[in-house]
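Please go through the structure below one part at a time.

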Amino acid sequence: MKISTCVTENGVVLLEVEGEVDAHTARKLDKTLKDLLAQGHSRLVLDASQMGYISSAGLRVVLLTHRKARQLGGEVRLSGLNAQVRRIFEIAGFDELLRISDTRQESMEGW
Amino acid sequence: MARNTTILTIPNDTSYLPIVGAYVMAVAAQLGFEDTDVGDIRLAVDEACTHIIETAFEPGEEQNLTIFCQRYPSGLKVTIADKGLPFDPRSIKEYDAHGGLDRELSGLPFYLIQQAMDEVRFVNKGWEGKELQLTKYLKVPSVETYFPQEELRPYDTTVEPAPPAKYRYRFMEPADAIEIARCIYKVYGYTYPGEHVYHPERVVTMNQSREMISAVAVTEAGKVIGHCALSGQPGDPVMEVSQAVVAPAHRRRGVMKELVDLLMKEARQRGLTGLFVAAVTVHPFSQRVTHKYGFRASAVLLGYAPRNVQMKKIVDQELPQRETVVYGYQPLQEDPCSRVFPPLHHRSIVTRIYSNLGLEREFASPEASRLSIEPSPLAPELPHFNLSTQIKSALGIAVIEIAGYGPGIEQEVKNKLRDLCYEGIAVVYLNLPLGDPHTAVVCQHFEELGFLFSGIRPRPAKPAGPEGMSSGDLLCLQYINGPPINYDLLQIYSDFGQELVQYVRERDSLA
């Protein structure tokens, strides 16, 4: 799994996650997100268009980050989920908690 | 190794999870699962392996997990076997997929497994370790895709009888499957508890794999007008007689009797020791018919099927409560007298059940000194218990079966029960080995948890050395996790069935 991050002009952090997020790789995602929160970044867009899979460990990391981000006045948004990854978010009921958009551009709007 | 099985063994290390994912996805895709189902199977297996790796071993302990993929015509069974610590249901909390942002997440992995698979089963094999068995069925077109809706309307039961005709009785051929599914649909609507019957392709593959043996009655023109089947797992010594239908215009001509006779003959040839039926109690007709064919009530399974089993079309016929069934049994072979250890307080009804079935049993009392299932100076090393749990999601029920007692068994059942109740399982059935002396004593402890007497399920006896035959029969208990049963609504045909229901009712504190 590869993660790349960049801070946009308006302070929103864009994370591109490539590959599979399982119990093993979720630790890396967790560390990256915790570091961003610790640096004061709470507006996070997770571009999952290159994400092939996510397990409950990955879902957990996303939701716990979203909770913390909300406390800091921001949130986690997701974009570009493929059908299978989107289905996992829906089975877990996370689509009711997180803003999920088709494109990265939509997620970057309206902060 | 069986020809339908592939095996992958990995170290208990989460870095191997992608290999497991690639393996099960490849098997599932080759078997013909749709992409969504392939993804679901991968998710369930990944979650199961993760849970085992993270909870079943001591830190630093190096062990393996073995993942068996068994291909069946009807689908895929994935078994994950390990020799780590027993599964602890207390570690799981309920997961609410519609809860708020602060929802509890520890139950999420098992929630995903349940949602992704059709059947989930935990098997504790004592010192040999434990297994988590996950089954997914292939999606195949249902009967609705083969016929326009007007051809699936319920049969007109007031229809004039068909002209006198000769019928042929034979085992099904693949070309019959669509008509069988239509026949069942037209009689039961979408209410038959067992979704397989509505999928003609699945009926064909299950007959090929011998999970199902279908007999049909056909007219001289070759039209299917009746069906009845034996179903069970290949190798089961006792199979179920089910899916019995005769088109109304051809009823009262002995069609069903011919079908049942054909199946019984086949069952005897296959060496089955007995057959059983689960007859509904919303009306007495099925019980009357099965009684006529020699089945005798031996258990009452309260709340066995949901009120709206597969009720996609006939909502106005929703049942007033979960459907109770009468379990009827018929031996097919001479049943040798074997030894049973019924609890003293149920001895009289157990005697009545065996008498009603025409089965001879030696009633034994356990020696108190041999009964400890907790370690003691006399018995410092006791065998590990052997317990399995099967969840039947479509029916909302679970079956816990104990094959052997050992230290911690009562706590294990208590934990399982709590876990299953958390998951919203409506009824939990608990089967105890009547040939094991501990059953005589431990049964009462389970009843103190809220389990009620249900009855007996006869099974083949097992040789027990010079002491003679040990009974394979099961003593059945049941736990209702929901509204109390209204016993006044149960329609019971036979006198003994009524006696059995009354016995259960008197012990049901909520009745």
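A residue is called buried if 20 or more other C-beta atoms, placed from the backbone, lie within 10 Å of its own, exposed if 12 or fewer do, and partly exposed in between. This is a predicted model, in which local features need pLDDT of at least 70 and side-chain atom pairs count only at pLDDT 80 or more, while totals for chains, interfaces and linings use all residues. Residues are numbered from 1 along each chain as its sequence is written, with chains lettered from A and ligands numbered from 1 in the order in which they are written.

Helices (H or I, at least four residues) and strands (E, at least two) are DSSP runs, numbered from the N terminus. Helix 2 of chain A covers residues 56-71. Its buried residues include A:Leu59, A:Val62 and A:His66. Among the elements that cover the buried residues of this helix are helix 1 (26-38) of chain A and helix 2 and helix 3 of chain B. Just after helix 2 of chain A, A:Gly73 has a positive phi of about 95 degrees.

Where do the chains touch? Two residues are in contact if their C-beta atoms, placed from the backbone, lie within 7 Å. By this rule, 20 residues of chain B are in contact with 20 residues of chain A. On the side of chain B that touches chain A, helix 2 of chain B gives the most, with 7 residues.

Elsewhere in chain B, strand 21 (residues 474-480) has 6 of its 7 residues buried. Two strands pair if DSSP finds at least two bridges between them. Strand 17 (residues 427-433) of chain B runs antiparallel to strand 21 of chain B, joined by 7 bridges; B:Val428 has B:Tyr479 as its bridge partner.

Definitions and conventions: Expected span 1.5 Å × (residues − 1).
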